[in-house]
Amino acid sequence: MHDLINDLARFASGDFCFRLEGDDSGKTTERTRHLSYRATKDDSYQTFMAIKNPRLLRTLLCPSGWPSQVKQVEMICDLLPALNCLRVLSLHPFHDISVLPNSICKLKHLRYLDLSHTVIIRLPESMCSLYNLEILNLHFCVKLVELPANMGSLINLRHLDIQHTKLPEMPLQMGKLTKLRKLTDFFIGKQSGSSIKELGKVHHLSGALSVWNLQNVTDARDAFEANLKGKEHLEKLELIWDCDMDNSLVHERVLEQLQPPVNVKILSINGYGGTRFPDWVGNSSLPLLEELYIRSCPDLKKALFTHFPSLTRLDIGACEQFEIEFFPLDLFPKLESLTIGSCPSLVSFSEGAPVAPNLKELKLRSCSNLKSLPENMRSFLPSLEKLSIFHCPRLESFPAGGLPSKLEGLAIWGCDKTRCRPHTMGFAITPMFFSRFSIAESDVLECFPEETLLPSSLTHLEIRTQEKSEISQLQGTQTPHLS
């Protein structure tokens, strides 16, 4: 079927579209406008240069790069001046290209430029004269350290992808790119903290945006002028600080002015140095928020958890001062995934009957003072499928009533005091879907249930212990489906 569709596409496109493979460059015609070059190991420099009238090409795609024996930089330098009618150019993935020639400026009609996964270090200033350029893809250019100073001249640019680069800061006057719809990242330099104001002039951003190095913003008024709240088409926002935990008051004032738009669905706050969150975190300002990530906020003491009617995923990690002795599960009625890590103040969950009917995954990691899990898990966490507990040394036992009926996987690592008795774990009342059990770095024989009470549905059993004698005593367990 795939071959038939391919043949039909080739027939319909006629001479206008051509896929160059091997030594068939002579088959291109003067009518060829859209070319896809798929390199083979036998290709040479002359293979591509033999194409008829490359100046008439509108599209050039190179999905597999150039063969290793062809000097990619030399090829590009010779090729670009002849492509002055080109609209679409993809050099992904040219692994040897670290620079673009200045002749890129001759591609006046270029609208799409893909340099993703190349090793390019800098872009030439000359490309800022590509006034028709709409899409610039620099995704995973892991050596890219600088954008052209006059990027603001690309007035028709709509999409700029700079994820996974090494850019330390954005060039000045990014606010001139008023047609931008997609900007994946914004980097704030040490000497240009006020450049965050440029975001305020770009009104139509959509999708996801990550703002890096917010520790370089020292004036909350600059953060206010970024007007993140007014970018109503943003659905994912990531706010990232790096080091500089000495001035928590500045962090708090800056974050106060970085309120996301009301329609945001995913919010991540990473490296924040304040002791508290502003009022907009947790109140009715974010009614559509579905995912919230709070990570590496070592001084954070209070978070305003009031009510998140739409939240389905909550991840809190490396917040050592976080004051949350009893976690209020009842505040998150739609929660499906909860991860809490490195929060030593967490002792237990809210008492009584926590209302978390949709919770499917619960991960607890390095909570040094955690003593108990949610009560009556079997009844009040009816949807729980995965339960992981890592390095919680004070957790002694599971709550009465047994495991939730839909539980599929259970992992207990580094919980030395945990005693998983059969009558408390609920193996006697076997969860129908329970198939994976992993235990490590604890007294295995004390934790392990009697062999006759292991569920018959178990297909994966992982035991990590330094004592070989313990494993040998468990070889007789009655688990017919173990692989």
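Q: In which loop is His 391 found?
A: The model is predicted: local features need pLDDT of at least 70 and side-chain atom pairs count only at pLDDT 80 or more, while totals for chains, interfaces and linings use all residues. Residues are numbered from 1 along each chain as its sequence is written, and side-chain values use heavy atoms, with hydrogens and water left out. Helices (H or I, at least four residues) and strands (E, at least two) are DSSP runs numbered from the N terminus. In these terms, His 391 is found in the loop between strand 19 and strand 20.

Q: What is the relative accessible area of His 391?
A: His 391 is not a glycine, yet has a positive phi of about 55°. Most residues other than glycine have a negative phi. Buried means under 20% relative accessible area, exposed over 50%, and partly exposed in between, with a 1.4 Å probe and protein chains only. His 391 is partly exposed, with a relative accessible area of 35%.

Q: Is Asn 213 buried or exposed?
A: Asn 213 also has a positive phi, near 60°, in a residue other than glycine. Its place is the loop between strand 10 (206–212) and helix 4 (220–225). Because its relative accessible area is 16%, Asn 213 is buried.

Q: How far apart in space are Glu 169 and Ser 195, C-alpha to C-alpha?
A: Glu 169 lies in the loop between strand 7 (159–161) and strand 8 (182–183). Its relative accessibility of 35% makes it partly exposed. Glu 169 and Ser 195 are 26 residues apart in sequence, and their C-alpha to C-alpha distance is 9.0 Å.

Q: Which strands stand at the edges of the open sheet?
A: The open sheet has 8 strands in the order 1-2-3-4-5-6-7-8, with parallel pairing. Each edge strand has a single partner, so one side of it is left without a neighbour in the sheet; the two are strand 1 (17–21) and strand 8.

Q: What is the bridge partner of Val 88 in strand 5?
A: Two strands pair if DSSP finds at least two bridges between them. Strand 4 (residues 88–90) and strand 5 (residues 112–114) pair in the parallel sense over 3 bridges. In strand 5, the partner of Val 88 is Tyr 112.

Q: With which residue does Arg 122 form a salt bridge?
A: A salt bridge is a side-chain nitrogen of Lys or Arg within 4 Å of a carboxyl oxygen of Asp or Glu, and the whole structure holds 5 of them. For Arg 122, the closest N and O atoms are 2.8 Å apart, and the other residue is Glu 146. Arg 122 lies in the loop between strand 5 and strand 6 (135–137) and its partner in the loop between strand 6 and strand 7, so the pair ties together parts that are 24 residues apart in sequence.

Q: Which side chain meets that of Asp 315 in a salt bridge?
A: The N to O distance in the salt bridge between Asp 315 and Arg 295 is 3.0 Å. The pair links distant parts of the chain, 20 residues apart: Asp 315 in strand 14 (residues 313–317) and Arg 295 in strand 13 (residues 291–295). Asp 315 counts as buried at 13% relative accessibility.
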